[in-house]
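Please look at the sequence and the model below, and keep both at hand while reading the explanation that comes after them.

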Amino acid sequence: MKTVIMFVLLGIVFHSCCSPKSSEGIPILSGNFRGYVGSAPEFFLLNCWYEHQILGEIFGNPDSVIVKENSLTIGDGNRVGLVCKGINSMDADFYIRIPYGEGVRFYFRSAGVDFENSPKLVFDFTTKGSKLFEGKELIVSVDSVKLQLENQQRIFLQNEGSIVHVIVGIDTVYQGRTKLPLSEYIYVEPINSRVIIEDAYFYPLYETKFY
């Protein structure tokens, strides 16, 4: 049911923000591509004009998450889920900036339902360094790869089969294998901070072919 709702909202949002008459879109949609229907969580769309649009879902206070064109600002205490439907073998490329606080947390290879109880990889990028967990187990800790407040930094997450790459700038935090299955979903949340995603792109590693 959740997947059906997401596809319906994606279609509504895409039509409203990508059509020439976006200003005449359905009233529940604002100019920054955010929408709200009844008691459902808020959804928004990034990369509206690109081949691989990213559908986002807000978990927390919608008023603390700001969407403007391809940028996304996430206030402390919120989590945002990002998905490009049909893509799970991918390069996920983020350009982030954090003006204050401790850092940002990425969850990937994580299920789209039952988030709290599902297994997942957790990448913490903080002012003290970088850590990658598989569930609660620490896989790697790199003190030298750390967040620099106010500076734009690039975070690159690659998933291909059992292979995982986590890269910050030109520094490899982790390159190895995991037993966790692939997933379309990546979740982002601040760690006692405000996170500004200035650009985010999901690139499929394998193009789908139809015959």
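The paragraphs below go from a sheet to one pair of its strands, and then to a single residue.

The model is predicted, so local features need pLDDT of at least 70 and side-chain atom pairs count only at pLDDT 80 or more, while totals for chains, interfaces and linings use all residues. Residues are numbered from 1 along each chain as its sequence is written, and side-chain values use heavy atoms, with hydrogens and water left out.

An open sheet is formed by 7 strands in the order β3-β4-β15-β6-β11-β12-β13, with antiparallel pairing; strands here are DSSP runs of E with at least two residues, numbered from the N terminus, and two of them pair if DSSP finds at least two bridges between them. Because β3 (65-68) and β13 (171-177) stand at the edges with a single partner strand each, one side of each is left without a neighbour in the sheet. Within the sheet, strands β4 (residues 71-74) and β15 (residues 195-204) run antiparallel and are joined by 3 bridges, and Thr73 has Ile196 as its bridge partner in β15.

Strand β11 (residues 153-160) contains Gln158, which is buried, with a relative accessible area of 14% (buried means under 20%, with a 1.4 Å probe and protein chains only). The side chain of Gln158 makes a polar contact of 2.8 Å with that of Asp91, and a polar contact of 2.8 Å also joins Gln158 to the side chain of His165; such a contact is a pair of N or O atoms within 3.5 Å, of which, within protein, one must be able to donate a hydrogen and the other to accept it, and residues adjacent in sequence count only if both atoms are side-chain atoms. Leaving aside residues up to four places away in sequence, Gln158 touches Met90, Asp91, Ile163, Val164, His165 and Leu205, where contact means heavy atoms within 4.5 Å.

Note on methods:
Helices (H or I, at least four residues) and strands (E, at least two) are DSSP runs, numbered from the N terminus. Buried means under 20% relative accessible area, exposed over 50%, partly exposed in between (1.4 Å probe, protein chains only).
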